[in-house]
Amino acid sequence: MKDEESSLGKDYKDGSIIFKENSAGKEMYIIISGKVKIMKEKGPVETILATLDEGDFFGEMSLFDNYPRSATAMASGDVKLLEINQKNFLKKISKDPSLAFRILEKMSQRIRLTDEKILNHIFEMQNIAKNPFVFT
Amino acid sequence: MSKLKENSNLELKNGARIAVLGGGPAGSFFSIFALKLAKQIGKDIDLTIFEQKSFLNEGPSSCNMCAGVVSESLVQLLAIEGIILKPPILQRAIDTYNFQTISGDVLLNSPSLQRGIATVYRGGGPVNKSASETNGDDTHKKISFDDFLIDCAKKEGAKVVNIRIDKIELNNDKPEIFSKGEKLFDADLVVGGCGINATTAKMFEGLGIGYTHPSVIKAFQSEIHLGKTNVLTRFGNAIHIFLINQPDVKFAAITPKGSYVTVSMLGKDITKQSVVDFLSNPLVKNKFPDSWSTPDAFCRCVPKINVGAARHPFADRIVMIGDASSARLYKDGIGSAYMTAKAAANTAILYGISDTDFHKHYYPTCKAINRDNFFGSLMFAVTDTVNKTPIIRESLLRLLRNEQKHPESGYKCSTVLWDMFTGNERYTDIFVRAIDPRLLLTFLINIFSIIFIRFKTIWRQ
């Protein structure tokens with residue numbers, strides 16, 4: 001047994017897929033150590049939506065809406081993740097609803113960030129429409 | 001009853017001063033959650049933790065003395081809250097429990113298939129740790145879980161003062177707190193996170209608010225040095241539970257931590273000799289290296305553990321939390337501290353600090369723990385019977401081994417035992433699962449099988 005196994009959670013090697021976009025998901029993950037890339041594919045193009053760090057969580061959306069995973073999560077470097085399954089998670093929230101505060105806080109931050117990105121994108125599109133021959 | 005003016009409209013205003021007595025997990029959790037929530041709703045509170053001990057030194061005097069096991073459920077809750085347990089605070093991550101009885105043993109793996117349970121030191125580690133550590137790098141690192149939580153509270157804005165509050169007076173509108181005869185300040189709220197070992201609990205009883213501290217029994221904890229490699233190869237990521245019928249011992253466990261193992265024993269009048277007898281038992285000795293012998297001296301303590309509920313753990317501007325209030329029977333004391341501290345913090349910040357507020361919004365959490373402990377005591381009584389009755393004990397082992405061999409049929413009994421000994425679930429939930437008719441029928445079939453096998457053996461002889 002390796003001493004490094006004395007860390008909590010599960011180990012994922014660099015580049016391993018934690019979950020794929022559109023797959024069914026019944027777990028959320030909290031990063032104990034390392035980084036995780038959240039990616040989305042549109043045709044041949046793969047876009048990195050975010051790179052998450054220690055203490056961040058992901059995969060929680062499927063626990064609430066029961067829809068397939070909205071993006072792919074991939075280990076960037078060696079990663080240790082704590083996995084919480086849907087039933088346990090919902091049980092915890094039902095016992096202590098205030099537990100959802102931090103999740104809502106993070107989700108609100110992500111929505112704000114997305115709003116900002118959309119706004120920037122619209123602004124860029126409008127600029128291109130106004131000055132179609134000017135490339136910045 | 002309280003000499004404070006009875007008032008159901010008491011609430012924490014901007015600039016309110018909170019005195020948290022005790023810097024163990026309950027006090028730190030309360031501080032973290034109260035400060036976070038106050039910030040979230042734009043309330044400015046001034047919170048001071050009074051803790052006489054420094055958790056950085058070695059040995060029992062700097063330790064809040066417990067087995068130091070953080071349940072899987074609490075590890076997950078803390079991670080969601082943003083409190084991540086990592087080395088060097090984390091001593092070992094556990095994914096397996098080994099149940100050793102005199103009829104044999106069985107290994108139970110975590111149902112979540114991950115290393116989900118954390119073992120920690122509450123203080124700076126065992127006496128003479130630095131002299132016996134094999135890995136010199138660890139010796140100067142802060143390893144105390146309690147100190148780590150205090151640091152988390154400090155990050156949220158808590159002040160920490162290393163003195164003991166030895167007097168509280170309730171003569172005016174607000175409780176006055178004193179140390180060595182000197183009045184420190186009038187507190188808007190006093191939080192008693194002082195555990196049951198401290199004389200501070202007695203001080204609260206003397207206030208005339210109707211508070212009575214919970215009933216307690218003594219446990220015995222010892223830290224035995226084995227060396228990192230031996231701990232790793234002999235105990236790995238498993239907590240070993242021993243149900244071996246040692247006289248007066250209700251329960252014994254060995255928990256791996258760094259280069260030590262913690263031996264926890266529960267029962268009547270456990271002494272150092274009981275530990276030596278336990279370690280000399282062939283079933284226990286078998287777990288240790290051949291060349292190993294019980295050391296003459298080892299770090300040990302006799303903490304009290306809460307086995308009952310406190311009466312009236314709140315009043316106007318006063319609330320008791322953690323062990324000083326309600327704790328889960330035999331298990332997950334840190335988890336109980338988390339639950340009661342969070343409920344008290346939510347009440348104080350969102351609802352108010354009157355007796356009525358605490359009764360309405362805080363006390364249900366204590367009552368739920370107390371009610372759950374009734375089922376806990378039933379479950380432990382059953383375990384005791386199983387331990388003392390060879391046929392039932394062998395049937396249980398057979399059932400558990402079958403479940404491990406045939407996972408397709410489910411882990412009904414294994415998860416009941418796992419949740420009970422890890423403190424992962426409420427005893428009520430475990431009890432309901434344990435009386436599942438299908439599980440009871442399977443158990444009964446196993447009992448008859450064992451009786452049949454015994455008769456067959458006798459008949460052949």
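Helices (H or I, at least four residues) and strands (E, at least two) are DSSP runs, numbered from the N terminus. That's the naming used on this tour. What you have open is a predicted model, in which local features need pLDDT of at least 70, side-chain atom pairs count only at pLDDT 80 or more, and totals for chains, interfaces and linings use all residues. Residues are numbered from 1 along each chain as its sequence is written, while chains are lettered from A and ligands numbered from 1 in the order in which they are written.

**Stop 1: a loop in chain B.** Select Arg122(B), which sits in the loop between β7 and α3 (129–132) of chain B. Is Arg122(B) buried or exposed? It counts as buried because it has 24 C-beta neighbours inside 10 Å; the cut-offs are 20 or more other C-beta atoms within 10 Å for buried, 12 or fewer for exposed, and partly exposed in between, with C-beta atoms placed from the backbone.

Stop 2: Colour β3, β7 and β4 of chain B, and you'll see an open, antiparallel sheet of three strands in the order β3-β7-β4. β3 (69–70) and β4 (90–94) of chain B are the edge strands, each with a single partner, so one side of each has no neighbour in the sheet. Zoom in on β3(B) and β7 (residues 117–120) of chain B, which are antiparallel and joined by two bridges; two strands pair if DSSP finds at least two bridges between them. Pick Val70(B) and you'll find its bridge partner in β7(B), Ala118(B).

**Stop 3: a helix with two faces.** Go to α7 (residues 272–280) of chain B, where Val275(B), Phe278(B) and Leu279(B) are buried. They cover an arc of only 95 degrees around the axis, which puts them on the same side of α7(B); the arc is that of the directions from the helix axis to the C-beta atoms. Among the elements covering the buried residues are β13 (216–225) and β15 (249–257) of chain B.

**Stop 4: where the chains meet.** Show both chains: 22 residues of chain A are in contact with 24 residues of chain B, contact meaning C-beta atoms, placed from the backbone, within 7 Å. On the chain A side, β3 (27–42) and β6 (72–85) are the elements that give two or more residues. β6(A) gives the most, with four residues.

Notes: Contact = placed C-beta atoms within 7 Å.
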